[in-house]
Amino acid sequence: MMVPNNERLDRVVLEARQAREKREQGYRERALKIYPWVCGRCTREFTHANLRELTVHHRDHNHDNNPPDGSNWELLCLYCHDNEHQKQLEFAQRGVGNLGGRNDGRSGGGATHSPFAALAGMLKGKSGAD
């Protein structure tokens, strides 16, 4: 049985978190200078006291796409940001780009079993036996 090297794992996780925080600080600070402190969806206004609840959302969902003009960003409150990402997850779950999924705009993920599929045949058999 192989014992994981917790010290190495902890170091890798710490480095990844630090890199993410550094990257976020760069575009977050720029976005807060460019845009007014207002949620782009619900129009809630923010002050220094609650600014931590205002997030930077990447319109194309690519956190590495940070143009200097901020054209890939919008400021969203925590709730609207979570809602936006939930919509993206639901869109992906509908089967868009999925081998077994639909691409016709209808929502997928519904029932695949039809409990009454054989009902007509069973009723015909019953009425023929009478």
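Me: Is E74 buried or exposed in this predicted model?
Reply: The structure is a predicted model, and the assignment rests on computed accessibility. Buried means under 20% relative accessible area. The relative accessible area of E74 is 11%, so E74 is buried.

Me: Which residue meets the side chain of E74 in a salt bridge?
Reply: Side chains of opposite charge can pair when their charged atoms come close. For E74, the N to O distance of the salt bridge is 2.8 Å, and the partner is R41.

Me: How many residues apart in sequence are E74 and R41?
Reply: E74 belongs to strand 2, whereas R41 is in the loop between helix 1 and strand 1. The pair therefore ties together parts of the chain whose separation in sequence is 33 residues.

Me: Is R41 buried or partly exposed?
Reply: The buried class ends under 20% and the exposed class begins over 50%, with partly exposed in between. R41 has a relative accessibility of 39%, so R41 counts as partly exposed.

Me: What separates K87 and E84 along helix 2?
Reply: The side chains of K87 and E84 meet in a salt bridge, at 3.5 Å from N to O. Both residues lie in helix 2 (residues 78–93) and are three residues apart, so their separation is about one helical turn.

Me: How far apart are the closest N and O atoms of E53 and R44?
Reply: A search of the whole structure finds five salt bridges. R44, which is partly exposed with a relative accessible area of 28%, forms a salt bridge with E53. The closest N and O atoms of E53 and R44 are separated by 2.5 Å.

Me: Which residues does F46 touch, not counting residues up to four places away in sequence?
Reply: F46 is among the core residues that touch the most other members. With residues up to four places away in sequence not counted, F46 touches W37, V38, C39, L51, E53, L54 and C77.

Me: Which aromatic pair is found, and what is the angle between the planes?
Reply: The count comes to one aromatic pair. Y27 and W73 form this tilted pair, with centres 6.3 Å apart and planes at 35 degrees.

Me: How many residues apart are Y27 and W73?
Reply: Y27 counts as buried at 5% relative accessibility, and W73 counts as buried at 0%. Y27 lies in helix 1 and W73 in strand 2, so the pair links distant parts of the chain. Their separation is 46 residues.

Me: Which side chain makes a polar contact with the side chain of N72?
Reply: N72 lies in the loop between strand 1 and strand 2 and is buried, with a relative accessible area of 6%. Residues that N72 touches include H57, H58 and D60. The side-chain polar contact of N72 is at 2.8 Å, and the partner is D60.

Definitions and conventions
Residues are numbered from 1 along each chain as its sequence is written. This is a predicted model: local features need pLDDT of at least 70, side-chain atom pairs count only at pLDDT 80 or more; totals for chains, interfaces and linings use all residues. Side-chain values use heavy atoms; hydrogens and water are left out. A nonpolar core is a set of buried Ala, Val, Leu, Ile, Met, Phe, Trp, Tyr and Cys residues joined through side-chain atoms within 4.5 Å. Buried means under 20% relative accessible area, exposed over 50%, partly exposed in between (1.4 Å probe, protein chains only). Contact means heavy atoms within 4.5 Å. Rings of Phe, Tyr and Trp (its six-membered ring) pair if their centres lie within 6.5 Å; planes under 30 degrees apart count as stacked, over 60 as edge-to-face and the rest as tilted. Helices (H or I, at least four residues) and strands (E, at least two) are DSSP runs, numbered from the N terminus. A salt bridge is a side-chain nitrogen of Lys or Arg within 4 Å of a carboxyl oxygen of Asp or Glu. A polar contact is a pair of N or O atoms within 3.5 Å; within protein, one must be able to donate a hydrogen and the other to accept it, and residues adjacent in sequence count only if both atoms are side-chain atoms.
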